[in-house]
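Please examine the structure displayed below together with its sequence.

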Amino acid sequence: MPIEHPSQDEQDRRLAAVRESMAVAGFDGLVVADPANIFYLSGYNAWSFYTPQVLFVPASGEPLLFMREMDALGAHRTAYRFASPALGYPEHLVHKPDVHPMEWVATQLREHGFADGTPKIVGVEGDAHFFAVRSYWALKSGIPEWDLRDSRELVNRVRLVKSDFEIGQMRKAGKIASAAMVAAIGAMEPGRPMNQVAAEVMAAQAEGVGDIDGDYPAIVPMFLQGEGADTPHLTWTSTPVGENEAIAIELAGAYHRYHTPLARTVCTGEPSSELRRLADVTVEGLDAALAQMKVGNRPSDVTEAWDAVLRRNNLEKKSRLGYSIGIGFPPDWGERTVSIRADDTTVLEENMTFHVIAGMWMEGFGFEASESVRVAPTGPEIFTSSPRELIVKPHSGRPQ
């Protein structure tokens, strides 16, 4: 499908909301480096983030988009604003030990009048994956009169409440995730190498569903296989699918950079009694947690509903139960803001979106099930469609 952009009104609202948060923080400017945040404000989308690129948002005036020259020349192919022109640093600055592209960016900011010798407080995305220490040092030395302060995920937090346009994007991503999970379950045949299973899943993610085209996900499909099911965030090897083996699958559908993750666990044959018990308790707890994902509640309420089920069954989960989602670029599809855990008291608002992941990693086995949801007044909207249970797959290849 053609690239879909938010309306001009929504584009303006996004920038205004960021500037409002900047004013509250006392920032005269903001250096945006997270590719997801650059995409949110400008629409720019390319695999160019491995070299320095930033969007500078002043308190007033037109933001400036900086990137490598070869990328800047085509920035207008995806960016719907701030790309005319995008400012490109010369090639001789790329990957050099003695000079850095952010030195050039600092010079350009001065030439454009944003650094004029007067003290300013400027936010930087100190926890962004692609804002390196050298980028900070180069900017600090290039504009010494700026007081650089951590923005504390300012743009990420503006992104927390989604527009109707964004919810529509995530619903489409949910259809892709559902189809990719069907492909994953169908490919789980004893004796088949896991890399071949991964290939089918990634093909389904790219192909999409009907006229909903698939995008590349921020994280590759993850498979927790056999005894390795007790360890999260594993990917795959060429190890064959085993007989009577449980494999947890975590994947995402991505549509024009919006993500809806989904986790399920498949057993190729008869599961053990301890796995069945763990699955039953985990799904019961997930159901209880999802029932609390509604406007006015807090992540702590959701966590307590989940923990109550675990306590009754003498189980415990120390890691968080979920996190906010939306736009995603490698290496993460999370927004790095609100977490579903006992100490997070953020009030849930309509159109916040979360990945609620009930992962129980025991010793030598484990079980995962998750849902990507939209917070609504009376309960969550589930973006995906897949059996919320331990999926037992007989050797005939037909899920039961």
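Helices (H or I, at least four residues) and strands (E, at least two) are DSSP runs, numbered from the N terminus. Ala179, for example, is found in helix α7. The model is a predicted one, in which local features need pLDDT of at least 70 and side-chain atom pairs count only at pLDDT 80 or more, while totals for chains, interfaces and linings use all residues. Residues are numbered from 1 along each chain as its sequence is written, and side-chain values use heavy atoms, with hydrogens and water left out.

**Helices α7 and α8**

- Two packed helices are described by the angle between their axes and the distance between the axes.
- Helix α7 (residues 164-187) packs against helix α8 (residues 194-207) at an angle of about 160 degrees, and their axes are 8 Å apart. Here axes are lines fitted to C-alpha atoms, for helices over the stretch in contact, and angles run from 0 to 180 degrees between N-to-C directions.
- The helices α7 and α8 are therefore roughly antiparallel to each other. Angles under 35 degrees count as roughly parallel, over 145 as roughly antiparallel, 65 to 115 as roughly perpendicular and the rest as oblique.
- The crossing of α7 and α8 is right-handed. A crossing is right-handed if the near helix is turned clockwise from the far one by less than a right angle, and left-handed if anticlockwise.
- On the α7 side, the contact (heavy atoms within 4.5 Å) is made by Ile176, Ala179, Ala180, Ala183, Ala184 and Ala187. On the α8 side, Val197, Glu200, Val201, Ala204 and Gln205 take part.
- By class, the contact of α7 with α8 has nine nonpolar residues, one polar and one charged. Ala, Val, Leu, Ile, Met, Phe, Trp, Tyr, Cys and Pro count as nonpolar, Asp, Glu, Lys and Arg as charged, and the others, Gly among them, as polar.

- Ala179 is partly exposed, with a relative accessible area of 29%. Buried means under 20% relative accessible area, exposed over 50%, and partly exposed in between (1.4 Å probe, protein chains only).
- Leaving aside neighbours within four places in sequence, Ala179 is in contact with Ala204 and Val209.
- Glu200 lies in helix α8 and, at 33% relative accessibility, counts as partly exposed.
- Apart from neighbours within four places in sequence, Glu200 is in contact with Ala183, Ala187 and Arg192.
- Glu200 and Gly186 are 14 residues apart along the chain, and their C-alpha atoms are separated by 9.3 Å.

**Helices α9 and α10**

- The axes of helix α9 (residues 273-291) and helix α10 (residues 299-312) come within 8 Å and cross at roughly 155 degrees. That makes α9 roughly antiparallel to α10.
- The crossing of α9 and α10 is right-handed.
- In α9, Val281, Thr282, Glu284, Gly285, Leu286, Ala288 and Ala289 meet Val302, Ala305, Trp306, Val309, Leu310 and Arg312 in α10. By class, this contact has nine nonpolar, two polar and two charged residues.

- Helix α4 (residues 101-111) has the buried residues Pro101, Met102, Val105, Ala106, Gln108 and Leu109. They cover an arc of only 165 degrees around the axis, which puts them on the same side of α4. The arc is that of the directions from the helix axis to the C-beta atoms.
- The elements that cover these buried residues include β2 (54-58), β3 (64-68), β4 (87-89), α5 (133-142) and β6 (146-150).
- The axes of α4 and α5 come within 8 Å and cross at roughly 35 degrees, and this crossing is right-handed.
- Met102, Glu103, Ala106, Leu109 and Arg110 in α4 meet Ser135, Ala138, Leu139 and Gly142 in α5. The residues of this contact divide into five nonpolar, two polar and two charged.
- Just after α4, Gly113 takes a positive phi of about 90 degrees.

- Asn37 lies in helix α2 (residues 35-42) and is buried, with a relative accessible area of 0%.
- Neighbours within four places in sequence aside, Asn37 is in contact with Val32, Glu125, Val155, Asn156 and Arg159.
- Pro380 lies in the loop between β13 (366-374) and β14 (381-382) and is partly exposed, with a relative accessible area of 25%.
- Not counting residues up to four places away in sequence, Pro380 touches Leu290, Met293, Val373 and Arg374.
- Pro380 and Met293 are 87 residues apart along the chain, whereas their C-alpha atoms are separated by 5.6 Å.
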